[in-house]
Amino acid sequence: MSLKNHTLYFGDNLEILREKIPDESFDLIYLDPPFNSNRNYNVLFKEGLQDSPAQVQAFEDSWHWTSEAQSAFEELVGVRKSKTKINEQISNLILALEKLVGHNDVLAYLTMMTIRLIELKRVLKKTGSIYLHCDPTASHYLKIVMDAIFGKQNFQNEIVWCYATPSGASNIFPRKHDIILFYTKSDNYFFRSQRIPHKSGLHNTGQVFASDNEDIEKIKEMEKLGKKVEDWWVDIFSVDRVRAERLGYPTQKPEALLERIIKASSKEGDWVLDPFCGCGTTVAVAERLNRNWVGIDITMLAINLIRHRLARQFESKGISINIDGRPRDIMGAKALFKKDPFEFEYWVLDMVDAVPAQSKTKENMRGADKGIDGVINFIKDVQNSEQIYGKLLVQVKGGGVHRDHVATLKGDVERERADGGVLITLEKPTKPMREEAIGAGFYKVKFGNEFEFPRIQILTIEDLLSNKKPKVPLGALRYFKEAKPIKETKQGKELGI
Ligand SMILES: C[S@@+](CC[C@H](N)C(=O)[O-])C[C@H]1O[C@@H](n2cnc3c(N)ncnc32)[C@H](O)[C@@H]1O
C-alpha cells in the first residue's frame, strides 16, 4: 500500500482510511465534517451563462442512529470486533457520553467522529498536526474526544474563526464563529508562526506605536515583520463575502483559512489529507503551495466539482488527478449502480456534462416517477450578439430498458420544449428502442448554415467509457460555476512570506 500524490478517493472515509491508507502517511490533516445541524445543503449550478436556481442536494448535514452508527458504537465500547484499534479509555468515554447525551443523533455523530479520528491518528506522522473544524454546538464534546485520542498534552490551540454575515437571530447574539481544534501527535511537531500586518482588521489592537525615546527604526522593522497570528482570527472573510472564490458548494471554506493552516503546519513537499474534502478547498490550496495531497469525499458530486476546480491548474502543469472509486469499466459501473444508484447517476451525468435535475435527493429518487435526471445546455444561435441556449434532456437507466423509456423521453422533450433528449443505459438498447429513437427525427440549429441533430440519442455506459459523447451542437456548456483562480491571499502577499 503506497500513496499517490493528487489522489481523490470517492467513498466513505472510514472504509478508505482502513483499507487504503498506510500508517503515518500525513504531516497535516484538516477536517471539516458535516456538523450535526440538520440542514441539507444544496449545490448551485450554472445554467447557460447565468447563475440558475438549479439545485441538488450535496450532502446531508446530519448524522442519524443508523446500523452503521450502531456497529461503530459496539466497536468502540468493545462488544464487537473492530478493524480499528480501540483502547479502554475510548470505550469508557463513549459509555460516559452515552449516559450524558443519551442514545440519539448527537451520540451517533460523536460515535462516527470518534472511530474516524482514531483512524486519522493512525495515519498521521509522529511529527504531524491535525486541525478539526467544528462549531460551538459540538466543539466541547469533540475536544474531550480529541483529548482521549491524541492526549490532552497534545492539545495546541482552540482557534476561533470569526466572520460577519447577516443574521436573523434576535433572541440570542448571532452565532458568528467556528472552532478549529488543533492537536498534534507528539510534542515534536512542525510549526511555523504566521504573521499579518499590524493594522489588519481587528488586529489593530496590536499596533506598534513609537514613543519619544524609542528607536523608530526598530519599530519600523517590527511593523515590517508583522504581528504573529494569534488563536482568534478575524481577518479572514467567509466565502459568502469573497465571492470570486465561490463555487456554490455549501460550507465551502475560504482559501485564506486553509493557506494559514497549511503554511503553519507543513512545508513544501509534505503530505496533506482532507478526509471530508467537499469542493476541495484544502487540496486546491495544498496544490498551489506545492504540498502533496489526498482528499476523500463520499459524494460523486464533490469529486466531480474538485476535478473541475483543479482541471485548469492541472492542464497547465500537464498532470492529472488520480480518482479512486470512480468506475473505469463496465464492471465498476455495475458495482456502483448496485451500491448506490444516486451516485451512479451523478457519475453518468458528469460524463456527458449534464446539470443534475433540480432538487433531486436520495429520498425523492426512490419515488416511482423520477422525471428527468439532467439537462445538457448548449448554445444554439447568436442573435444580435446575444447567445441563445438550447437544451437536451438526459435520462439515465441503470436497470432494464425497453421501448417505453424512449417514448417517455420523447414525450418529456415535447412537454419541456427541449431540443432533444439523450437516453443513457447500462444495458444494451433493444432494436425496437433504436427504431423508436430514429423515428423521433431531427432538430435543427443554424450557425450560418443549418445543421441537423438526432432528436433522441441513445448511448450506453460502454460508449461513454470509450469516450463517446452525445452529439451536441458546439459541445455542452461546462456546468459547474467556476471560481476565479486565486494566486496568493492578501496577508501572505503583503508581507512577502
Ligand atoms: C462541511 S463539508 C466540507 C467542505 C469543505 N471544507 C470545503 O471547503 O468545500 C463536508 C463534506 O464531507 C463529506 N462527507 C460526509 N460524510 C463523509 C464520509 N463518511 N466520508 C467522506 N466524506 C464525507 C460530504 O459529502 C461533504 O462534502
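Residues are numbered from 1 along each chain as its sequence is written. In this predicted model, local features need pLDDT of at least 70 and side-chain atom pairs count only at pLDDT 80 or more, whereas totals for chains, interfaces and linings use all residues.

Helices are DSSP runs (H or I, at least four residues), numbered from the N terminus. In helix α2 (residues 67-76), Ala72, Phe73, Glu75 and Leu76 are buried; a residue is buried if 20 or more other C-beta atoms, placed from the backbone, lie within 10 Å of its own. Viewed down the axis of α2, the buried residues fall within an arc of 160° and so line one face of the helix, the arc being that of the directions from the helix axis to the C-beta atoms. These buried residues pack against α3 (88-101) and α4 (105-123).

The axes of α3 and α4, which are lines fitted to C-alpha atoms over the stretch in contact, come within 10 Å and cross at roughly 165°. The two helices α3 and α4 are therefore roughly antiparallel (angles over 145 degrees). Ile90, Ile94, Leu97, Glu98 and Val101 of α3 meet Val106, Leu107, Leu110, Thr111, Thr114 and Ile118 of α4, contact requiring C-beta atoms within 7 Å.

Helix α13 (residues 403-415) packs with helix α14 (residues 431-439) at an angle of about 20°, their axes lying 8 Å apart. Accordingly, α13 and α14 are roughly parallel (angles under 35 degrees). Their contact is made by Arg403, Val406 and Ala407 of α13 and by Pro432, Met433, Glu436 and Ala437 of α14.

Methods: Buried ≥ 20, exposed ≤ 12 C-beta atoms within 10 Å, placed from the backbone. Contact = placed C-beta atoms within 7 Å. Axes fitted to C-alpha atoms, helices over the stretch in contact; angles between N-to-C directions. Parallel < 35°, antiparallel > 145°, perpendicular 65-115°, else oblique.
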